[in-house]
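I opened the notebook to record a few look-ups in this structure.

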Amino acid sequence: MKKSLLLLGVTLNCLAAEPTSVRQAELRHLLKNDCGACHGLTLHGGMGPALLPETLKGKPDEFLVSTILNGRKGTPMPPWKPFMNADDAHWLVNILRQGPQ
Amino acid sequence: MKNRLPLLLGLLLTFNANAELRATGDLGIIIEREAGSALIIDTTEHKQLARIDKLGDLSHASVVFSRDQRFAYIFGRDGGLSKIDLLQDKLDKRIVQAGNSIGGAISQDGTLIAVSNYTPGGVKIFSADTLELVADIPAEYADGKLSKVVGLVDAPDQRFVFSLFDAGEIWTIDMSTPKKPKIEKFKNVGKFPYDGLITSDGRFYIAGLFGESGLSLLDLWEPEKGIKRILPDYVKPDEQLPVYKMPHLEGWAVADDYIFVPAIGKNEVLVIDKQSWKLVKAIPVAGQPVFVMARPDGRQVWVNFATPENNKLQVIDVKGLDLQSTLTPGHAVLHMEFTPRGENVWVAVRDDDQVLVYDTHTLKEIAHLPAQKPNGVFFTSRANKIGF
């Protein structure tokens, strides 16, 4: 049992680890409230642009992940590196691509 | 049937006369961000009187009041403008006037409501009575581009003043003749003005800058002198910390001879002398300030913060210009509102689903009200104040 769990962990890691379910809840909270402050509660935009599947289409994951982690200098988009890692940011980009539920 | 109408009306009137009398001066609105609803509250009894639903996306909502304090106008993020009847606990009228909007103001004489929009960038002005469009003012700059509009306030002589975020301009609109809005534009006021305030005497309009250091000042008594820059060298570009939540400027930041403003991208509240417009002191605080609000008598200034310090409130003593106290009201302290003479302050604590009421003298909590994800508290006393 223990062994298979371990194995599972390793496989996920290779893919870019899914955040734990607790972490996912935290990230959803962050997305709604903190990102929402600039991008809108429903992500339809505010001071920052809309973050919807349509508006993100054609923009590579790596580019968006880097925007989230490092921010964009000279614009109000701040770097979120102090609050999340690359796996978290990847997971957020996936959530954004699925669109508001 | 027709004949019964007067009878029915008569009956209704009698019922109304028997209903509990309600004085509007005691009332206020709490915004519930996610539910898209507003609570009508009694500020003396600390209690909820009614809930009004279906007001759209209120993730960034603000409220102004009619001069008779009967109606509240709520500006929603989704461009919704809702007029609430505080006496009858009902939505009186509602329109969706733009795709994405940020706030609004009521004219000096109370007849016009102006809304500032992100998309399409500009200001729309409506009849306060009917919510019919009176004037549409696109914030057009450089070859047909529209700027997001921020920091919209009312000003004396039936004017509105606002800032163009993308264009770096400040405009005034004179609405004395509603059919012929008179627009005056001030250009090159600085990079990315993010919000504005007007002092309570209606004389100075101040825009905070995001893209560079300092603030831009317009003296409405002497507009011909143009824009004056305040603290242009205060924050060096490489010193500015990332900003996790845009701060707000409100007319309530004026106390004694000073104005108190959030330092953008720094954990400081800046104290600026209202005569010389020079920096008096930078007060270190717990995090990046969002709202910096003076108690109505100007003796204290209360400050809340951007994430991750948004569980705190700090109180500045205006006499000594230093920190008096740090409170921890709960998770996600988003907004506060003082009672008209300042004995209490109401604090919206989003993630705890409640609004707390503090005694500002003892700094003790004296009451709390349940509310779903509250993000704003607004009292009818705003009706009588320039800039609210």
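**Entry 1: a helix pair in chain A**

I looked up the handedness first: helix 2 of chain A and helix 5 of chain A make a right-handed crossing. I am working from a predicted model. The contact draws on Arg23(A), Gln24(A), Leu27(A), Arg28(A) and Leu31(A) from helix 2 of chain A.

Next I took the geometry. Helix 2 of chain A spans residues 21-39, and helix 5 of chain A spans residues 86-98. The two pack at an angle of about 60 degrees, and their axes are 11 Å apart. Roughly perpendicular begins at 65 degrees. The helices of this pair therefore count as oblique to each other.

**Entry 2: helix 2 of chain A on its own**

Where does helix 2 of chain A bend? I found the bend at Leu31(A), by about 30 degrees.

I then went through burial. The buried residues of helix 2 of chain A are Gln24(A), Leu27(A), Leu30(A), Leu31(A), Asn33(A), Asp34(A), Cys35(A), Gly36(A), Cys38(A) and His39(A). Helix 5 of chain A is among what covers them. I noted a general point beside the list: an α-helix has 3.6 residues a turn, so residues three or four places apart point the same way.

I checked what comes after the helix. Gly40(A) follows helix 2 of chain A, and its phi is positive, near 90 degrees.

Is Ser381(B) buried or exposed? I read a relative accessibility of 10% for Ser381(B). The cut-off for buried is under 20%, so Ser381(B) counts as buried. I placed Ser381(B) in the segment after strand 34 (374-379) of chain B. Setting aside neighbours within four places in sequence, I found Ser381(B) in contact with Gln69(B) and Pro340(B).

I moved on to Glu132(B). I located it in the loop between strand 10 (122-127) and strand 11 (133-138) of chain B. With neighbours within four places in sequence left aside, Glu132(B) is in contact with Ile125(B), Phe126(B) and Ser127(B). I also took one distance: Glu132(B) and Ile95(B) are 9.1 Å apart, C-alpha to C-alpha, and 37 residues apart in sequence.

Notes:
Residues are numbered from 1 along each chain as its sequence is written. Chains are lettered from A and ligands numbered from 1 in the order in which they are written. This is a predicted model: local features need pLDDT of at least 70, side-chain atom pairs count only at pLDDT 80 or more; totals for chains, interfaces and linings use all residues. Side-chain values use heavy atoms; hydrogens and water are left out. Axes are lines fitted to C-alpha atoms, for helices over the stretch in contact, and angles run from 0 to 180 degrees between N-to-C directions. Helices (H or I, at least four residues) and strands (E, at least two) are DSSP runs, numbered from the N terminus. Angles under 35 degrees count as roughly parallel, over 145 as roughly antiparallel, 65 to 115 as roughly perpendicular and the rest as oblique. A crossing is left-handed if the near helix is turned anticlockwise from the far one by less than a right angle, and right-handed if clockwise. Contact means heavy atoms within 4.5 Å. Buried means under 20% relative accessible area, exposed over 50%, partly exposed in between (1.4 Å probe, protein chains only). The bend at a residue is the angle between axes fitted to the seven residues ending there and the seven starting there.
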